[in-house]
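Thanks for coming. I will take one structure and go through it piece by piece, with the sequence and the model on screen.

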Amino acid sequence: MLRIILLIAGFVLTLLLGIYSPSAGSQSNEILWDTYGVPHIYAQDAKSLFHAFGWAQMQSHGNLILRLYGQARGRAAEYWGQDYLESDQWVQTMGIPERAGEWYKAQSPEFQTYLDAFAAGINAYAKQHRDEIDDELEIVLPIEPADLLAHLQRVVHFTFVVNPQSLSNIDEDTNPAGSNGWAIAPSHSESGNAMLLANPHLPWADLFLWYEAQLNAPGIDAYGATLVGFPVLEIAFNNNLGWTHTVNTHDGWDAYELQLAKDGYRFDGKIKAFETQNKVLKVKQADGTLREEPLIVRQSIHGPVVTQKDDKAIALRVVGLDQPGALEEWWEMARANNLTAFETALKRLQIPMFTVMYADREGHIMHFFNGQVPVRSQGDFEDWSGIIPGDQSNNLWTKNHPYEDLPRVIDPPTGWLQNANDSPWTTTFPPAIDPDNYPPYMAPRGPMNLRPQRSAKMLLEEDKLSFDELVKYKHSTRMELADRLLDDLIPAARQGSELARRAADVLQNWDRNADADSRGAVLFAFWADAMDSDNLFAKPWSEKSPLTTPDGLANPAGAVSVLEAVAAKVEATYGALDIAWGEINRLDLGDVNLPANGAEDFLGAFRALELSPTEDGHFEAVGGDSYVAVIEFSQPVKAMALTSYGNATQPHSPHRGDQLKLFAGKQLRPVWRSRSEIEAHLASRQQF
C-alpha cells in the first residue's frame, strides 16, 4: 500500500511539475525563437497570444512597424518631413485615421481586447528596448489599437484595392503584387493527401514584407505569415486545413467624373453640394520646426474628390469602407478545423479582395474568388475599368454581391486548382467555372497571361504529384515566352547578319530557363523587353486555346533587327552574348550578394523575380517570390517554407537576408511546428 501511495504521489508530482514547467507551455506565455528567427508563440489564452505577437513583431521589425503606423496616421510628414507629405495627403483625403477610430468601436468586444493586447505588446517591447528603436521613430509611440486598423486600411484598401498610381494610370495595371497558389486533391497527389502551395509575389520592402510565425493558444495552433504590422496571420495552415491568397482580377474601386457646377456637382439633373472638411497637415522642417499645409477634402456621394481640372473632378469610390471585420475574419479562418467552419468564416466577406486557395486533411480543395464585388447596373469588366460618368445614379453602386454569387469551385474532377492572378475561369482544365453564369463585370474573360499558363501546364504534366515534385515545380524558372517565340526567332536570325547568327546560336543552346547558370536568358530577356508587346504575336490569345496561345512571331524580320541591336548592346556591355543569368542578376541584401534565379512576369516564369537596374550595369532583386510554403496534410502535417529576405529588418538582426542562400539554391527549409522540433532548433526563449 505504501509503495502504491508513493507511486501515485510521484505521478501527481510529475504531472504538476509538467503543468507548471515553462517548457510545457500550457500554463505560461512564451516565445520560442528558432534559428531562422521565426517566433513560435505559446500562450495561456488569446489575449496573451496577441500581446506576445505584438512583442515578437517589434523585436523583428520594430523600426519598420513604427514608420508604417506613422504613415497610416497621416502624420508622417509631421514626424519625418516633406518626403512624406504626399503620403499624408493620400491617407487624410481617404479618411483613414477617422475611419480607423470608427472601426475600432465597431469590433466585437472580444476582438477589441485582442487588438488592445497586440498594441500593448508593441508598447511593452519599445519601453523595455528603447535602445533598439531609431530615435526618430520613437515619436510614434505609444501605439493605439486604432493604429492597427488604420494600417490595415492603408495596406489593403488603399494599396492593394486601389493606390495613387492606379488613379494616375487608370487604363493600366499598376498593382505591384502578384502570386501563385496551388491546391492539390488526393486524386492528384502521389501520397493520397491533399497539398497546398502558397507563393505570394510582392516587393521586398516597406508595407509588402511578410512575417512568418506560429500562433498557439487554446483554440488555435496556426503557422503561416502575415504582412508586417498585422495582428493576425493572412496565409496559414493548422493540423486540419490551410489556405493562401492570390491577388485576384477584382475591381473594387471606380473613378467617377463629376461635372462641377456652382459649389457642387451635377447629379440626376440637380446640383448636389460637396461635404467639405478643412484639414491642416504639419510638415517637419530641417530645423525641427513645423509648418502648416492646408488640405481641403471634398466629399461627394461617390467618395472623396482626388483630382480637379477646370469644370471637372474625379471622385474615388472604394469597396469595404463600412466593413471593419477583415482581421477577425482572418483570425476565424485560422481557427477553423474543417471546410464548413472555414466557409462560415469566409461568408463574413469582410476581406475586400484576394482569391482564396484552400486544401484540408479530409481531401477537399477549393478556389474561391473572394471579394466585395459591387452590384453594377450594366456593362462588363472592361467598361468599369476606365473613368465612369458620375452625373447619373444608375452608375453609382451601393451594395455588394453576397457569398453565393461569387465564383467558387470545390473538389473539381481534375483534382487540382491553380491561380497565378488569372481570372477564376482558368483555375483548372477542363474548366470548372463557366463565366456565362456570372455577370460580365465580375472578372475579365481574358487573356490568360503566360505565368498562369505555365502554372496550369506544369500541373497537367503529372497524373499524380509528390511533395518533392511540387517543391521542384515551384522553383521552375522556364520562360513560357521563349517556348512561344524561339521556334520562329532562331530560324529567322540565322538568315541575318553574322551577329544575328551568333545570337541565334546562343539562343539555340540556351536551356530556356532563368537559372543562375543559364546562358542565353540575358540575351532573350533584353530582346523581349525591347520588343513591342502589343504587336508581338502572330496568333493572339484565344479563349478556345487558352494554354497554347498567344504564339509565333508577327514580324520575324523586325524581331531580328531588334535582336541584332540588343546583341550588340549585350556584347559591348558584358563582353559576351552568352553571359550567365546570375552574373548580372543578383540577390543583394546586407552582407549577402548571390547570383539570382527567376524572371520577371512578362517572361512567363513561374518563379517570379522583379529586377531593378543598378549603376554598374547589373540588376538586383527587389521583389517577386517573397514567402513560399508547401504543405501536405499528412499525419503529421508536412511543410516546408521560405521567407526570401529573412524574417527581420532590424539593423543588427542576424535574420536580415539569412534565407537568401536557400533562395539562391532553390531550396526551402523545414517548418518546425512541434515543441520537440522547435526545442531542437531553439535560438532563444522569452517568457512573459
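One definition before the strands: two strands are said to pair if DSSP finds at least two bridges between them. Keep in mind throughout that this is a predicted model.

I start with strand β4, residues 195–203. Which strands does β4 pair with, and in what sense? With β3, residues 178–184, the pairing is antiparallel and runs over seven bridges. Within that pairing, N180 has N199 of β4 as its bridge partner. β4 also pairs with β27, residues 627–632, again in the antiparallel sense, here over four bridges. The residue to look at there is L197, whose bridge partner in β27 is V630. Then there is β26, residues 619–625, antiparallel to β4 over three bridges. In that case L202 stands opposite G624 of β26.

Is β4 enclosed or open to the outside? Buried here means under 20% relative accessible area. Nine of the nine residues of β4 are buried, so the strand is largely enclosed by the rest of the structure.

The structure holds one cavity of 30 Å³ or more. The space in the largest cavity is about 140 Å³. It is lined by 16 residues, and those closest to its centre are F160, W210, H245, V247 and F354. By class, the lining of the largest cavity has 11 nonpolar residues, four polar and one charged.

Next, an open space: the second largest pocket, with a volume of about 730 Å³. Of its 29 lining residues, the closest to the centre are E86, W90, N163, P164 and Q165. Two or more residues of the lining come from each of α4 (85–93), α7 (145–161), α8 (164–168), β13 (290–299) and β14 (305–309). Which element gives the largest share of this lining? That is α4, with five residues. The lining of this pocket divides into 15 nonpolar, 10 polar and four charged residues.

Now the open sheet. Ten strands form it, in the order β19-β17-β16-β8-β7-β6-β5-β2-β1-β30, and the pairing is mixed. β19 (408–410) and β30 (682–687) are the edge strands, each pairing on one side only. From one strand to the next, the twist averages 15°. As an example of a parallel pair within this order, take β2, residues 39–42, and β5, residues 210–217, which are joined by three bridges. There, Y42 stands opposite N216 of β5. Helix α2, residues 46–72, lies across β1, β2, β5, β6 and β30, and runs at about 155° to β5.

On to helix α15, residues 521–530. How many of its 10 residues are buried? Seven are, so α15 is largely enclosed by the rest of the structure. The buried ones are A521, V522, L523, F524, A525, W527 and A528. And what covers them? The cover includes the helices α13 (480–493), α14 (498–509), α16 (556–574) and α17 (581–584), along with the strands β22 (551–553) and β23 (585–589).

I finish with two loop residues. S423 sits in the loop between β20 (416–419) and α11 (450–461). Is S423 buried or exposed? Its relative accessibility is 8%, so S423 counts as buried. Setting aside neighbours within four places in sequence, S423 is in contact with T249, A443 and P444.

The other residue is K262, in the loop between β9 (253–261) and β10 (264–267). At 80% relative accessibility, K262 counts as exposed, because the cut-off for exposed is over 50%. How far apart are K262 and P413 in space? The C-alpha to C-alpha distance is 61 Å, and the two residues are 151 residues apart in sequence.

Methods
Residues numbered from 1 in each chain as written. Predicted model: local features only at pLDDT ≥ 70, side-chain atom pairs only at ≥ 80, totals over all residues. Heavy atoms only, no water. Buried < 20%, exposed > 50% of the residue type's maximum accessible area, 1.4 Å probe, protein only. 1 Å grid on protein atoms, 1.4 Å probe; cavity = no way out; pocket = protein on both sides within 12 Å on 5 of 7 lines; lining within 4 Å. Points joined across faces, edges and corners; volume = space filled by probe spheres on them. Nonpolar A, V, L, I, M, F, W, Y, C, P; charged D, E, K, R; others polar. Axes fitted to C-alpha atoms, helices over the stretch in contact; angles between N-to-C directions. Contact = heavy atoms within 4.5 Å.
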